[in-house]
Amino acid sequence: MPDTASFRAWWAGRSPAAGTAVMATGIISIGLYLTGDETLSRIALVLASLAWLGLAADFLVRLVGDREQWVRQAGTPAGLTAVAATTVLGTRISELGWQGLAEALLALSAVLWPVLLLTVVRHWRRRMAGEVFLVCVATQGLSVLGSTIATAVGSDWLAHTAMVLFWLGIVLYGVSFWHFDLWEVKRGAGDHWVAGGALAISALAGARLVAAHHVNMYLWNNDDQGVLRAATGTLLVLDLACYCVLLVTEAVWPRPRYDARRWATVFPMGMTAVATLSVAAALDVFWLKGPGQVLLWIAVAAWLVVATGAALAVRSATRT
């Protein structure tokens, strides 16, 4: 039988990267929304929201009651999952039309982002794991949420801010790649996939910015629009290439055992599907819709596998 004390011990000792479970579930919800599977999308949204609430409560408890541990975890790139998860959840909520709540989540993310980003960058070193790309993911997450809300409410200043974050995120990707240990594709436990996920969310951010132009035709000039469309298409191509490479490395160096960092594999898979579907619509490349749907259901299957592994791991850790 599950033991309460054992569960508390497991919860206290979990990885700060637990936010990737919210990111993975949230992006699956967005993907299902884009393909019209609204019921499944809302189920995923409820699961992501409940997980986010639990992690948010724990975040506050540690901040108030265990500042030393909070600072230690905030200094790792995984700490930025707090920002990334909040922006993914906020994006799906904005798509439901709940702009007030989405704006509150954007404000919360915007407050946390510079604090956590600067803390993480100060602890950077060479040859880091795939979580190093979370500096890009968190930044592009703000861009995606900002441009999504800007499109919904017609806010030009928010769209321009999202554009600045988009280009900053691309710069941060390059810096992250410099610090990334390429051998992680062989020995990584799952978070090495974030190298592709960061490209995917960058492509999604570009697609949302292109879509914002349809609300206000004067938002971007012709040069800005052309560069944005070219950058978005290039990012998607790079993401799909990275996706294929990572799939090959999984076949060559299989890692079948469950690891909590596998949520950081599901998120890039889901994000690649969402980016493909979004770019297809934003750039009028409609033949990409079919591949995007296939990629989404592959991501859903991966989510089910990892969720099953997580449930069995919790059961094993908390059994008396």
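Predicted model: local features only at pLDDT ≥ 70, side-chain atom pairs only at ≥ 80, totals over all residues.
Helices H10 (residues 194–215) and H11 (residues 222–252) pack with their axes coming within 8 Å, crossing at roughly 155 degrees. With angles over 145 degrees counted as roughly antiparallel, that makes H10 roughly antiparallel to H11. The crossing of the two is left-handed. On the H10 side, the contact draws on residues including Ala 195, Gly 196, Leu 199, Ala 203 and His 213, while H11 brings in, among them, Gln 225, Leu 228, Arg 229, Asp 239 and Leu 246. Sorted by type, the residues of this contact come out as 13 nonpolar, six polar and two charged.

Turning to charge pairs, the count of salt bridges comes to nine. One of them joins the side chains of Glu 38 and Arg 42, at 2.8 Å from N to O. Both residues sit in helix H3 (residues 38–65), four residues apart, or about one turn of the helix. Glu 38 is partly exposed at 27% relative accessible area, and Arg 42 is partly exposed too, at 42%.

Arg 127 and Asp 181 also meet in a salt bridge, here at 3.9 Å from N to O. This pair ties together distant parts of the chain, 54 residues apart: Arg 127 is in the loop between H6 and H7, and Asp 181 in the loop between H8 and H9. Arg 127 counts as exposed, with 58% relative accessibility, whereas Asp 181 is buried at 5%.

Finally, Arg 261 bridges to Asp 259, their closest N and O atoms lying 3.0 Å apart. Arg 261 is partly exposed at 39%, as is Asp 259 at 21%.

Note on methods:
Residues numbered from 1 in each chain as written. Heavy atoms only, no water. Axes fitted to C-alpha atoms, helices over the stretch in contact; angles between N-to-C directions. Parallel < 35°, antiparallel > 145°, perpendicular 65-115°, else oblique. Left-handed = near helix turned anticlockwise from the far one by under 90°. Contact = heavy atoms within 4.5 Å. Nonpolar A, V, L, I, M, F, W, Y, C, P; charged D, E, K, R; others polar. Salt bridge = Lys/Arg side-chain N within 4 Å of Asp/Glu carboxyl O. Buried < 20%, exposed > 50% of the residue type's maximum accessible area, 1.4 Å probe, protein only.
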